[in-house]
Amino acid sequence: MIFVTGKLYWPETLPAPSLYPALTEDVKCDVLIIGGGEAGALVSYYLKQHDVDVILVDKRRVSGGSSSANTGLLQICNDKTLTACMHSFGEQKGVRFYELTRQAVDELEKISGQLDQSPDYIRRECLYYASEPADAESLRAEYQLLKKYGFPVMYFERADIEKRFSFSKEGAIYSKGDAEFNPYKFTNGVIAHSVKKGMRVYENTEVVHQKVQDGGLLVYTNSGHTIACRRAVFATGYEAQSMKRNANAVISSSYSIVTNQVEAFTGWPHGCLIWETARPYLYIRTCPEGRVIVGGLDEPLQKQDASSLKKRDQLLAKIQE
Ligand SMILES: Cc1cc2nc3c(=O)[nH]c(=O)nc-3n(C[C@H](O)[C@H](O)[C@H](O)COP(=O)(O)OP(=O)(O)OC[C@H]3O[C@@H](n4cnc5c(N)ncnc54)[C@H](O)[C@@H]3O)c2cc1C
């Protein structure tokens with residue numbers, strides 16, 4: 001699967017990440033983590049808190065999957081609204097999910113502070129605006145629900161938005177407690193942190209097959225060498241679909257651009273995160289060195305990047321708007 005086309009921004013911010021060897025012998029461990037993206041890195045972090053003997057492998061370089069392309073928005077309110085979560089899972093579990101996202105943003109701050117190199121974790125407020133005037137009613141209902149369960153939110157009417165921002169919308173939820181970071185620095189940093197605690201890492205090492213053996217797993221890699229482990233964690237991101245198909249999963253294409261440095265962010269208070277009620281949604285953030293990242297315009301999976309330049313221009317027009 002081709003993950004990304006075009007030039008990635010985050011790897012430029014960390015020109016000399018740690019390199020790890022490929023597997024050249026048969027090895028053993030307690031837990032094998034397959035995939036060195038944000039998810040695999042975090043699993044390693046928690047396992048190494050308990051001194052578990054861990055090996056992590058990645059078929060590319062670590063953080064070479066979607067963690068090198070993602071936008072680094074860390075949001076309590078997410079793709080599935082609290083209203084939708086309560087519909088799907090019931091009140092208690094829906095609210096619990098939102099409490100966990102809040103806890104996760106805090107936890108990522110704590111972990112970021114323990115890394116040798118800062119992943120540029122910055123707390124941000126967040127504007128979630130009504131893309132169309134007709135969305136304002138359900139947005140207000142979502143605000144009331146979030147407030148009822150103690151989430152730090154305010155509701156902005158059109159006049160409140162116009163007073164603070166350089167654009168106008170019918171309404172918006174303005175929330176505290178979100179954050180942004182550099183996902184590439186974070187993933188590399190967490191893996192380096194786990195390596196310091198004794199984790200072994202093999203890059204360019206693809207898991208191609210596995211079988212149950214002696215109450216654990218024997219995992220085969222592309223080099224012909226095996227890894228015997230008691231447990232394995234598959235943290236293979238979007239490629240998990242090729243190992244264990246989920247009939248409900250849909251892979252689509254998404255686009256994002258990073259601008260040149262911008263002199264001032266007039267009409268954009270505190271560099272807050274900005275996104276909207278439309279689906280697919282547009283999302284916008286700033287970077288520490290004064291650039292703007294904007295993403296969105298998702299569409300059914302494209303096999304080639306023929307439409308990239310058109311998408312770039314559309315995203316630029318959206319920021320200007
Ligand atoms: C454009 C874009 C923007 C996004 N923005 C955000 C955002 O703002 N905030 C957010 O929270 N999320 C965002 N996401 C989602 C984001 O991708 C995930 O949050 C996160 O980066 C996924 O991490 P992961 O570890 O699950 O997957 P990945 O980073 O893709 O890691 C999976 C790893 O598994 C390896 N692998 C796969 N198969 C094998 C195998 N057989 N053997 C060995 N290794 C294997 C791959 O090489 C890869 O390195 C965005 C995604 C995209 C595409």
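**View 1. An open sheet of six strands in the predicted model.** Six strands, in the order β7-β2-β1-β10-β9-β8, make up an open sheet whose pairing is mixed; strands pair here if DSSP finds at least two bridges between them, and helices (H or I, at least four residues) and strands (E, at least two) are DSSP runs numbered from the N terminus. The edges are taken by β7 (200-202) and β8 (207-213), each of which has a single partner strand, so one side of each is left without a neighbour in the sheet. From one strand to the next the twist averages 40°, where axes are lines fitted to C-alpha atoms, for helices over the stretch in contact, and angles run from 0 to 180 degrees between N-to-C directions. This is a predicted model, in which local features need pLDDT of at least 70 and side-chain atom pairs count only at pLDDT 80 or more, while totals for chains, interfaces and linings use all residues. Residues are numbered from 1 along each chain as its sequence is written, and side-chain values use heavy atoms, with hydrogens and water left out.

**View 2. Strands β1 and β2 with helix α1.** Strand β1 (residues 27-34) pairs with strand β2 (residues 54-57) in the parallel sense, over four bridges, and Val57 in β2 is the bridge partner of Ile34. Helix α1 (residues 38-49) packs on the sheet, where it touches β1, β2 and β10 (226-234), and its direction makes about 130° with that of β1; contact means heavy atoms within 4.5 Å.

**View 3. The crossing of helices α1 and α3.** The axes of α1 and helix α3 (residues 91-112) come within 13 Å and cross at roughly 75°. That makes α1 roughly perpendicular to α3, the class for angles of 65 to 115 degrees, whereas angles under 35 count as roughly parallel, over 145 as roughly antiparallel and the rest as oblique. Leu42, Tyr45 and Tyr46 of α1 meet Glu107, Leu108, Lys110 and Ile111 of α3, a contact with five nonpolar, no polar and two charged residues. In these classes Ala, Val, Leu, Ile, Met, Phe, Trp, Tyr, Cys and Pro are nonpolar, Asp, Glu, Lys and Arg are charged, and the others, Gly among them, are polar.

**View 4. The loop between β12 and β13.** Both Thr277 and Pro280 are found in the loop between β12 (273-276) and β13 (283-286). Thr277 counts as buried at 17% relative accessibility, since buried means under 20% relative accessible area, exposed over 50%, and partly exposed in between (1.4 Å probe, protein chains only). The side chain of Thr277 reaches the backbone nitrogen of Ser131 at 2.9 Å, and a polar contact of 2.7 Å joins it to the side chain of Asp135; a polar contact is a pair of N or O atoms within 3.5 Å, of which, within protein, one must be able to donate a hydrogen and the other to accept it, and residues adjacent in sequence count only if both atoms are side-chain atoms. Arg279 and Pro280 are joined by a cis peptide bond, with omega about -5°.

**View 5. Two loop residues with positive phi.** Most residues other than glycine have a negative phi. Ser63, in the loop between β2 and β3 (73-74), has a positive phi near 55° and is buried, with a relative accessible area of 1%. Asn204, in the loop between β7 and β8, has a positive phi of about 50° and is partly exposed, with a relative accessible area of 44%.
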